[in-house]
There are 2 protein chains.
Amino acid sequence: MARIYNFSAGPSALPEAVLRQARDEMLEWQASGMSVMEMSHRGKHFSTIAEQLEVDLRELMAIPENYKVLFLQGGATGQFSFIPLNLLRGKTKACYINTGAWSEKAIKDGGRFCEAIVSASSESEKFTTIPDVTGWQIDPNAAYLHYTSNETIHGVEFPFIPDAQGLPLVADMSSNILSRKIDVSQFGLIYAGTQKNMGPAGVTVVIVRDDLIGEADSRLPDVFNYAVQAKNQSMLNTPASYNWYLVGLVLKWLKSAGGVDAIEAVNIRKAASLYDAIDSSSLYTNPVQTEFRSRMNVPFILSDASLDKEFLTQAEANGFAELKGHRSVGGMRASIYNAMPEEGVNALIEFMAEFERTRA
Amino acid sequence: MARIYNFSAGPSALPEAVLRQARDEMLEWQASGMSVMEMSHRGKHFSTIAEQLEVDLRELMAIPENYKVLFLQGGATGQFSFIPLNLLRGKTKACYINTGAWSEKAIKDGGRFCEAIVSASSESEKFTTIPDVTGWQIDPNAAYLHYTSNETIHGVEFPFIPDAQGLPLVADMSSNILSRKIDVSQFGLIYAGTQKNMGPAGVTVVIVRDDLIGEADSRLPDVFNYAVQAKNQSMLNTPASYNWYLVGLVLKWLKSAGGVDAIEAVNIRKAASLYDAIDSSSLYTNPVQTEFRSRMNVPFILSDASLDKEFLTQAEANGFAELKGHRSVGGMRASIYNAMPEEGVNALIEFMAEFERTRA
């Protein structure tokens with residue numbers, strides 16, 4: 001067995017310690033006589049796992065008591081629809097900041113349920129920046145202000161929490177949740193698919209301030225109604241129980257690694273090393289304005305695109321997987337979430353330098 | 001490690017061979033250098049797994065080519081809403097057969113999107129039978145006829161496929177899919193959560209005739225739009241990829257066990273043995289009309305309810321888990337899905353007899 005450095009944008013690399021524990025507990029969890037995936041979700045064993053999951057996430061993110069923590073299905077893409085259905089509460093419009101491909105999807109889907117106002121956009125800058133906040137047009141009658149805290153495809157990340165000018169602030173944190181410290185109390189709702197920084201795919205975390213729920217659209221299915229699921233501990237129906245367990249293992253790993261503060265320091269070092277290597281080379285470039293570069297997803301382009309194929313082939317042969325950039329952007333992308341160790345980033349930097357020296 | 005006989009109604013026991021393979025492949029799948037849960041869902045490795053999953057399900061159920069096979073999220077409970085949103089196609093009503101707790105939920109949720117006509121009900125018989133088909137009131141202008149092929153809580157199963165009198169027939173097969181041979185071509189749509197006969201929780205299988213899709217309600221989120229997901233191989237967004245893999249392992253196991261015909265023969269034997277033991281005892285009773293008794297979920301009541309607690313304690317001590325009946329029915333329930341070996345059922349029968357001999 002030889003594990004490789006996996007730079008996939010998601011589903012993505014998991015801590016090896018988590019995989020080892022899942023392997024060791026696969027046939028029997030803690031003298032229960034069964035695998036976690038065989039447990040009744042209403043039984044005593046799984047209840048322990050479910051309660052600990054919420055406790056650990058609340059601790060890691062310092063989630064205030066007046067926020068509900070939900071573990072749902074359907075992905076962040078599902079939430080693009082379920083957020084307006086839950087949060088419009090009789091209003092007819094919502095504001096969105098457009099900073100890339102994922103913002104655009106949220107705007108498109110949200111626009112089927114209300115007037116989706118684009119309060120600011122960096123589309124004309126090809127999504128290489130965050131629009132200047134002094135120009136944001138926020139409608140005070142909108143139900144919420146939505147933004148994407150990290151754009152997985154374009155590699156753009158908010159280094160600050162936007163001022164929603166009194167509206168509930170809604171953030172898609174799928175690709176940077178738990179990677180940096182944030183003040184949850186500044187948000188109305190935070191949501192994230194788990195398949196980048198929290199575990200395998202199949203769980204969608206929703207953290208929502210409790211005064212915002214309970215007035216959902218009557219045509220919203222109960223399994224996606226935040227108030228109903230909050231009342232049922234996210235178990236109105238059978239949850240993706242094994243995925244909950246795996247997310248729980250990742251949270252335990254993060255706690256043992258020192259929590260969000262500690263991992264943020266590592267993430268700052270990893271990203272700085274990789275961007276430095278890109279900026280100091282003459283083969284690789286990253287188009288994003290320096291202060292808005294993502295710590296999680298690092299797209300880079302080879303100045304000679306005819307070398308792309310060879311770069312990927314050589315990378316694969318040297319144990320670096322999933323470096324191909326998203327088709328809409330081209331070039332390469334290294335996703336370096338919490339679970340990517342510093343050694344992996346340093347090894348990639350070395351490989352990139354060697355490739356440049358010998359091939360370019 | 002000591003694995004026990006787990007009679008949970010779902011999530012439920014899985015074949016030990018499947019768990020062993022998942023364990024052995026946890027850190028690396030087939031020289032890929034990564035766990036299945038770390039794979040990009042658009043990459044070559046996972047594509048192989050996803051394609052094989054559909055091929056195996058089509059083969060096991062002999063699904064005709066004009067049916068789409070989808071692997072979604074949100075559970076069968078989500079489908080209670082998404083079925084009318086996909087299948088009403090401008091019509092304003094749908095027909096439902098009410099045979100127990102799960103039918104009732106489907107009717108309640110369906111009724112939020114259309115007039116849900118109850119064409120027949122066994123509620124007055126306390127859901128211990130299937131309503132006589134000669135009395136079914138099926139409205140020819142309804143969009144479909146829905147029924148629950150096996151009622152997990154009440155232990156009632158259809159031994160036949162209903163005649164929908166020209167309407168598309170829709171079946172919730174969550175708790176008996178792949179347990180018996182069925183002719184898919186008689187259905188408009190079959191759906192099932194995977195957590196009983198197919199794998200862990202977190203995947204919802206939808207098998208739908210292709211002429212019924214493409215006219216969904218405009219307010220249906222794309223991730224639950226059958227036509228959109230069919231066009232995207234159920235990957236409009238990131239699927240519950242590790243769960244797909246595990247379902248795939250269960251399907252491979254079923255194929256190696258001889259397929260649906262072979263497992264049906266085993267299921268007939270298991271159910272017959274257990275019902276025989278119940279009927280020939282003076283302590284245990286099952287209230288369901290003989291011909292409609294479920295092969296999958298066997299509820300039974302102790303004639304002296306004061307023995308319930310001791311029965312469960314003794315069962316647990318002897319390695320039989322999750323025998324407590326659903327709170328709405330009381331007593332006991334043994335769920336004996338495909339993965340429960342005959343030895344498990346025989347051991348339970350022996351324990352029940354011994355308990356009756358010594359305690360009753």
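Gly100(A) is buried in this predicted model, at 0% relative accessibility, where buried means under 20% relative accessible area, exposed over 50% and partly exposed in between (1.4 Å probe, protein chains only). Gly100(A) is placed in the loop between strand 3 (93–98) and helix 4 (101–110) of chain A; helices (H or I, at least four residues) and strands (E, at least two) are DSSP runs, numbered from the N terminus. Not counting residues up to four places away in sequence, Gly100(A) touches Phe127(A), Glu151(A) and His154(A), contact being defined as heavy atoms within 4.5 Å. Arg295(A) is 195 residues from Gly100(A) in sequence and 16 Å from it in space, C-alpha to C-alpha.

The model is a predicted one, in which local features need pLDDT of at least 70 and side-chain atom pairs count only at pLDDT 80 or more, whereas totals for chains, interfaces and linings use all residues. Residues are numbered from 1 along each chain as its sequence is written, chains are lettered from A and ligands numbered from 1 in the order in which they are written, and side-chain values use heavy atoms, with hydrogens and water left out.

In chain B, 6 of the 6 residues of strand 3 (residues 93–98) are buried, so this strand is largely enclosed by the rest of the structure. Lys93(B), Cys95(B) and Ile97(B) cover one side, and Ala94(B), Tyr96(B) and Asn98(B) the other. In a regular strand the side chains alternate between the two faces of the sheet. Strand 3 of chain B pairs in the parallel sense with strand 4 (residues 115–121) of chain B over 6 bridges, two strands being paired if DSSP finds at least two bridges between them. Within this pairing, Asn98(B) has Ser121(B) as its bridge partner.

The UniProt record (unreviewed entry) places the feature "modified residue: N6-(pyridoxal phosphate)lysine" at Lys196(A); UniProt positions are given in the numbering used here, feature names are shortened, and annotations may be inferred rather than shown by experiment. Lys196(A) occupies the loop between strand 9 (189–193) and strand 10 (204–209) of chain A and is buried, with a relative accessible area of 10%. Beyond its neighbours within four places in sequence, the contacts of Lys196(A) include Gly10(A), Ser12(A), Thr152(A) and Tyr337(A).

The peptide bonds from Gly10(A) to Pro11(A) and from Gly10(B) to Pro11(B) are cis, each with omega near -5°. Pro11(A) lies in the loop between strand 1 (5–6) and helix 1 (16–24) of chain A. Gln165(A), which is not a glycine, has a positive phi of about 50°; Gln165(A) is partly exposed, with a relative accessible area of 49%. Gln30(B), also not a glycine, has a positive phi of about 40° and counts as exposed at 56% relative accessibility. Most residues other than glycine have a negative phi, and most peptide bonds are trans.
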